[in-house]
Amino acid sequence: MSKAIRVRNLEYVYPDGTKALKGIDLDILKSESVGLIGPNGAGKSTLLLHLNGILKGQQSSVEVLGMKIEEKNLIKVRQKVAIVFQEPDDQLFMPTVFDDVAFGPINADYPEEKVRAKVKEALKGIRMESYEKRCSHHLSFGEKKRISLATVLSMQPEILILDEPTSNLDPRARRHLIELLKNLSLTKIVAGHDLELILEICQRVILLDEGEIVANADTRGVLSNKSLMESHGLELPLSLAA
Amino acid sequence: MHLPEIDKFAHLKSPLHSWDPRVKIISISILILSIVLLKDPRVAFLGLILAIILVFLSKIPFSFVFVHLRWVLFFVLALFVILSLTTPGNLLMRLSFLSISREGARLSLLISLRAISAALLIFPMIGTTRFNLSLKALQKIRIPDKLIQLLMFTYRYIFLFLDEEKRIFTAANSRGWVRKTNLFTLKTTGNLVGMLLVRSFERTERIRDAMVSRGYSGRLKTLDDLTLCGKDFFKAALAITGAIMLSLSGWMG
């Protein structure tokens with residue numbers, strides 16, 4: 001199977017001198033669902049921001065669907081790699097749901113009919129077709145999370161990156177989101193601390209700590225390794241702890 | 001919590017609601033301009049009546065308008081008092097050691113009428129269209145993109161900012177902080193406001209990331225869902241005729 005993402009020797013130092021990523025090598029295959037776990041400050045979000053060129057590592061190579069991330073193909077990369085950020089109020093910045101979901105397709109210069117079709121399709125995908133005219137700030141947290149997903153699905157990405165997708169969701173909204181994610185046949189990277197979610201939807205998991213990959217193997221194998229998990233500030237998921 | 005939504009009544013049906021926002025903004029802006037340039041308080045009073053009629057036609061409740069105008073009225077009242085007492089001229093009235101000149105009373109009345117009329121006209125102009133459509137209209141009439149983005153983000157995030165402000169002050173109150181008229185309150189308020197600004201700045205960086213990752217490159221693009229018809233121009237003609245009549249009345253004295 002061909003590679004969706006190929007990262008070699010990714011290093012990143014923040015302007016204040018903090019080394020966030022140290023020599024990351026990573027391959028993710030097309031249609032694979034990969035979990036990205038690690039304690040707070042491990043570098044998960046920093047790594048994700050490199051995958052569609054928001055951050056650019058020093059002397060490194062990040063390739064997405066065979067394209068090297070460079071200035072000249074950033075627009076194309078960003079159409080293929082969609083990020084859903086942790087805080088939905090950061091993701092929903094337009095006055096209405098329609099404008100937010102249409103934001104990506106319009107920036108991709110799609111014709112008007114195609115933009116409208118993509119918005120309809122994306123909202124239908126998350127079962128929120130009737131929300132087009134609603135104001136983003138009037139939605140509940142769970143609704144905002146789902147609309148956040150629609151804002152990137154409307155761009156028809158090939159790779160979907162989710163940063164803490166279930167944080168702050170009540171159990172019903174969380175279950176709803178998990179079902180939505182399970183039905184999406186895209187390459188998925190899910191970062192977060194919801195290990196049950198990762199166990200449910202990811203075949204492989206990458207454990208990151210202090211900017212380095214410390215484990216990269218099948219989900220069940222990593223998540224059930226008590227000593228490994230505990231030595232990196234994590235716990236076994238409840239379903240595996242029993 | 002109470003949200004300061006100016007487009008709360010944009011869902012109503014009225015001749016102002018069905019007016020194309022582009023033509024509406026231009027026409028009412030011309031009307032506002034004609035009123036603020038008036039020099040005669042009697043004509044300015046006619047302008048105020050016209051503004052009240054437009055608010056009435058828009059079906060926006062006067063209670064809503066009054067609540068949102070209260071700060072303008074407070075400011076106008078302060079101006080009214082100051083101008084009345086400080087403008088030199090023929091004596092109109094003496095109250096103890098204070099004297100009010102005829103010219104001062106006339107000027108303060110004129111400015112108050114102009115200010116209240118202009119503020120009132122904002123409601124039929126902006127309050128009868130959903131804010132996102134008003135922004136699109138502004139974009140179509142070539143208001144600079146940066147200004148529109150500034151307005152859009154202010155409107156989108158003011159609610160979040162107010163929520164955050166409430167949370168941060170609740171957190172302070174829950175640890176026993178009580179607002180008093182002392183230096184500690186001033187210092188704490190300063191710190192909390194500073195914290196709010198830092199959080200807002202961090203949020204802007206995250207929003208920028210979210211925008212860039214969806215292809216934003218500096219210009220805000222939206223779909224054009226505004227349509228013009230004959231009625232829009234008829235209403236514009238009425239508003240502009242009103243503006244011209246007011247100007248002519250003022251000019252002829």
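Colleague: Which residue stands opposite A:Tyr12 in S2(A)?

Modeller: This is a predicted model, in which local features need pLDDT of at least 70 and side-chain atom pairs count only at pLDDT 80 or more, whereas totals for chains, interfaces and linings use all residues. Residues are numbered from 1 along each chain as its sequence is written, with chains lettered from A and ligands numbered from 1 in the order in which they are written. Seven bridges join S1 (residues 3-13) of chain A to S2(A), and the two run antiparallel; strands here are DSSP runs of type E with at least two residues, helices are runs of H or I with at least four, and both are numbered from the N terminus. In S2(A), the residue opposite A:Tyr12 is A:Leu21.

Colleague: Which strands of chain A stand at the edges of the sheet?

Modeller: Two strands pair if DSSP finds at least two bridges between them, and the open sheet of four strands in chain A, with antiparallel pairing, has the order S2-S1-S4-S5. One side of each edge strand is left without a neighbour in the sheet, because each has a single partner strand, and these are S2 (19-29) and S5 (67-68) of chain A.

Colleague: Is A:Leu199 buried or partly exposed?

Modeller: A:Leu199 lies in helix H8 (residues 195-201) of chain A. A residue is buried if 20 or more other C-beta atoms, placed from the backbone, lie within 10 Å of its own, exposed if 12 or fewer, and partly exposed in between. A:Leu199 has 19 C-beta neighbours inside 10 Å, so the residue counts as partly exposed.

Colleague: How do H4(A) and H5(A) stand to each other?

Modeller: Helix H4 (residues 97-107) and helix H5 (residues 112-125) of chain A pack with their axes 9 Å apart and at an angle of about 125 degrees, where axes are lines fitted to C-alpha atoms over the stretch in contact and angles run from 0 to 180 degrees between N-to-C directions. Angles under 35 degrees count as roughly parallel, over 145 as roughly antiparallel, 65 to 115 as roughly perpendicular and the rest as oblique. The placing of H4(A) against H5(A) is therefore oblique.

Colleague: Which helix of chain B gives the most to the side that touches chain A?

Modeller: Counting residues as in contact if their C-beta atoms, placed from the backbone, lie within 7 Å, 22 residues of chain B are in contact with 27 residues of chain A. Helices H5 (131-140), H6 (145-174) and H7 (183-212) of chain B each supply at least two residues of that side. With seven residues, the helix that gives the most is H7(B).

How values were computed
Contact = placed C-beta atoms within 7 Å.
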